[in-house]
Amino acid sequence: MKSTKDIELSIIKKFKKKIWRPFTKAINEYELVKPGDKIAVCISGGKDSMVLLYGLNLYKNFCARLGKKHFEVIGVHVEMGFEGMDFSEADAFFASKGIQ
């Protein structure tokens with residue numbers, strides 16, 4: 001059985017051309033992230049917000065390795081008290097990635 005890290009790397013490799021390149025191109029072309037920014041991503045629990053937060057965190061780590069712009073990324077969600085809304089799995093996943 002593959003480890004979580006192996007699975008994660010295979011997903012990154014598979015979607016690098018389709019998602020990662022356009023993602024980073026848009027960030028750079030439109031200057032969406034500047035040094036010192038603190039970016040909050042609202043997490044609904046759906047795949048779009050989860051991928052956005054995860055992608056921004058990967059980009060932050062990529063920039064840090066290159067000594068480029070330093071910025072922060074945090075995930076936020078509002079617990080409205082609706083029955084059945086449980087963010088514990090999302091919280092655990094992002095905590096494992098070092099995302100607040």
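Me: At 53% relative accessibility, does Glu-31 count as buried or exposed?
Reply: In this predicted model, Glu-31 sits in the loop between α1 and β1 (38-42), and its backbone has a positive phi of about 50 degrees although it is not a glycine. The cut-off for the exposed class is over 50% relative accessible area. Because its relative accessibility is 53%, Glu-31 counts as exposed.

Me: What pattern does the chain follow, read along the sequence?
Reply: The chain has 3 helices and 2 strands, and its C-alpha atoms fill a box of roughly 40 × 40 × 20 Å, taken along the principal axes. Read along the sequence, these elements follow the pattern α-β-α-β-α.

Me: Which element gives the most residues to the largest nonpolar core?
Reply: The largest nonpolar core has 17 residues, and those with the most contacts inside it are Leu-53, Leu-56, Phe-71 and Phe-94. At least two residues of this core come from each of α1, β1, α2 and α3 (88-96). With 5 residues, the element that gives the most to this core is α2.

Me: Which residues is Phe-94 in contact with, leaving aside its neighbours within four places in sequence?
Reply: Phe-94 is among the residues with the most contacts inside the largest nonpolar core. In soluble globular proteins, nonpolar side chains tend to be buried together. Once its neighbours within four places in sequence are left aside, the contacts of Phe-94 are Ile-43, Met-50, Leu-53, Tyr-54 and Ile-99.

Me: How many of the residues lining the second largest pocket are charged?
Reply: About 160 Å³ of space lies in this pocket, and its lining consists of Lys-5, Glu-8, Leu-9, Ile-12, Tyr-54, Asn-57, Leu-58, Asn-61 and Lys-97. Both α1 (4-29) and α2 (47-66) supply at least two residues of that lining. Divided by type, the lining has 4 nonpolar residues and 2 polar ones, and the number of charged residues is 3.

Me: Among contacts in the chain between residues at least 6 apart in sequence, what percentage joins residues at least 24 apart?
Reply: Buried residues make up 24% of the 100 residues in the chain, while the accessible surface comes to about 7600 Å², of which 59% belongs to carbon and sulfur atoms. Turning to the contacts between residues at least 6 apart in sequence, the share that joins residues at least 24 apart is 67%.

How values were computed. Residues are numbered from 1 along each chain as its sequence is written. This is a predicted model: local features need pLDDT of at least 70, side-chain atom pairs count only at pLDDT 80 or more; totals for chains, interfaces and linings use all residues. Side-chain values use heavy atoms; hydrogens and water are left out. On a 1 Å grid over the protein atoms alone, a cavity is a set of points where a 1.4 Å probe fits but cannot get out, and a pocket is an open set with protein on both sides within 12 Å along at least five of seven lines; lining residues have an atom within 4 Å of a point. Grid points are joined across faces, edges and corners, and a volume is the space filled by probe spheres set on the points. Helices (H or I, at least four residues) and strands (E, at least two) are DSSP runs, numbered from the N terminus. Ala, Val, Leu, Ile, Met, Phe, Trp, Tyr, Cys and Pro count as nonpolar, Asp, Glu, Lys and Arg as charged, and the others, Gly among them, as polar. Buried means under 20% relative accessible area, exposed over 50%, partly exposed in between (1.4 Å probe, protein chains only). A nonpolar core is a set of buried Ala, Val, Leu, Ile, Met, Phe, Trp, Tyr and Cys residues joined through side-chain atoms within 4.5 Å. Contact means heavy atoms within 4.5 Å. Accessible areas come from the Shrake-Rupley method with a 1.4 Å probe; for residues, only the protein chains shown count as cover.
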